[in-house]
Amino acid sequence: MKRLREAWQQWRVGAQGSRSPAGLGLLLRDHYPGAVMRLDHEGVVREVNPGFERHAGHAPEQLLGQRAVLLDIDPLHGEFARALAHCLSTRQPWQGVLLCRRADGSLMHQSTVIQPLEEGPGASLQLLVMQRDVTGMRERGLQDRMLLSRLEGTLSRVPGVLFRLRQDAEARLEFLYLSEGVKALPGLTPDLVMDDAERLLGRVLSEDRQRLATSLTQSAVSLEPWHHEFRLGFADGVRWLEGRAIPQRRRDGDTLWDGLLIDITERKRVEQRVQRLVGTDMLTGALNRRAFFEQGEAVQARARRQGQRVPVAMLDLDHFKRLNDTFGHAAGDRALQAFAMTCRDCLRPYDLFARIGGEEFVVMLVDSEPHEALAILERLRLAVAAIELDVEGQTIGFTVSLGLAILEPEASLDAVLALADQALYRAKHEGRNRICGPVEGASLASGTGPA
Ligand SMILES: Nc1nc2c(ncn2[C@@H]2O[C@H](COP(=O)(O)OP(=O)(O)OP(=O)(O)O)[C@@H](O)[C@H]2O)c(=O)[nH]1
């Protein structure tokens, strides 16, 4: 290459305006690090460079005076023949890789440039052909491609979706790579999502979208690893994804994340089940005391913001000890379960229903006015009184007493429970199977239960 540079320099200095293509052709012929041929207007080889045999695998005397297409693996219909015809007819250069045959029959890939040479007015067109053996490079390229396809095969078996995500200066997101694992998400393929990231990101639930954008922005700014959980909506339901990725800043200011998306829907389902169990009474399925206070405080905070009053009732099965003693503890358990199921049926899904003691329950009627609460609780009282439990062929029934109190915006949950408990005490005192309100002596509704 050094010699070529020197010769080029000499030509630049020496030619002084006579930079004819032929002059440049001579320069290349003598210094080009590959095979060079000069062809006449019929494609016959008129001259070759000194290194020709080494680079083309043919002795010059075998080729001089012959058509250059003899080098082609198919001298009649090969690509070399077509390329020469193209250059001769259009006088335009051609460039490409040709599969050529050496004199010993072996094949080689020649990176080829064919340059038409205009010698001057009236002179016939000549072609300068420059070739470099790129067989080794192609083989290495093939090996690289094989390695890559093996790697892609492995990546496609990795559980989850490997990805490279780019965020540009306008915060636009584009997936530069996604592994085959994305096909586990309905209707998505790597190509579809790489073509338009919205095909995946557009499925993020609207409640999760802002948090996802914020998490990516924070990671892009801090270059801290990204870790986020979000939901995608599909026709067959919601999928939870967990994403983890390492960010890097490119010189052009874009941020790249390389990472993994994993479907954690099943894990989330188990977590939610455990969460429900942790907050749930095992016998009746009602909220337990801890969950009631947690959720009750959230209801109270919202009601306080809206200046609402929330009806809260304490419920206690009547003469439950007697039921236990008469029919056995197992029958008592079944009575508690039937009672809880009946209560849930009488309430709306967002009302809170909790077991806070042995046979003591509490109800928090979300978004109900006190007079509505009374009607709801009365229906509940009657429904409980109508329960018929079959215990060893015998039908048994039971009743419930209720104490109602109103949670004022500024009061505490403990205080309202104490008031409800007082009302319940009065309901018991006044004969059971009835509802008593917060005001002393005011029986809001009554029924006739077993005394
Ligand atoms: N079967 C069963 N019984 C329970 C459970 N938890 C508490 N109990 C029973 O519930 C009964 C409550 O009795 P008491 O507090 O005397 O009240 P009561 O008999 O219902 O009488 P009043 O409330 O005055 O109508 C006790 O016998 C407890 O053993 C439970 O999980 N299963």
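Strand β3 (residues 94-101) and strand β4 (residues 107-117) run antiparallel and are joined by eight bridges; strands are taken as DSSP E runs of at least two residues and helices as H or I runs of at least four, both numbered from the N terminus, and two strands pair if DSSP finds at least two bridges between them. The structure is a predicted model, in which local features require pLDDT of at least 70 and side-chain atom pairs count only at pLDDT 80 or more, whereas totals for chains, interfaces and linings use all residues. Residue numbers start from 1 along each chain as its sequence is written.

A second open sheet contains five strands in the order β7-β6-β10-β9-β8, with antiparallel pairing. Because β7 (173-178) and β8 (226-234) stand at the edges with a single partner strand each, one side of each is left without a neighbour in the sheet. Direction ignored, neighbouring strands of this sheet are turned by 30° against each other on average. Strand β6 (residues 161-167) pairs with strand β10 (residues 255-263) in the antiparallel sense over seven bridges, and Leu162 stands opposite Leu260 in β10. Helix α9 packs on the sheet, touching β6, β8, β9 (237-249) and β10, and its direction makes about 155° with that of β8.

Ala220 is found in helix α9 (residues 206-222). This residue is classed as partly exposed because 18 other C-beta atoms lie within 10 Å, the class falling between buried (20 or more such atoms) and exposed (12 or fewer). Residues up to four places away in sequence aside, Ala220 touches Gln167, Pro247 and Thr255. Ala220 and Pro247 are 27 residues apart in sequence, yet their C-alpha atoms are 6.7 Å apart in space.

The axes of α13 and helix α14 (residues 370-385) come within 9 Å and cross at roughly 145°. In the contact, Phe339, Thr342, Cys343 and Cys346 of α13 meet Ile376, Arg379, Leu380, Ala383 and Val384 of α14. By class, this contact has seven nonpolar, one polar and one charged residues, with Ala, Val, Leu, Ile, Met, Phe, Trp, Tyr, Cys and Pro counted as nonpolar, Asp, Glu, Lys and Arg as charged, and the others, Gly among them, as polar.

The ligand is surrounded by 17 residues, of which the closest are Asp318, Phe320, Lys321, Gly332 and Gly358; a residue is near the molecule if its C-beta atom, placed from the backbone, lies within 6 Å of it. Two or more residues of this shell come from each of β11 (310-317), α12 (320-327) and α13 (329-346). The shell divides into four nonpolar, five polar and eight charged residues.

Terms used. Contact = placed C-beta atoms within 7 Å. Axes fitted to C-alpha atoms, helices over the stretch in contact; angles between N-to-C directions.
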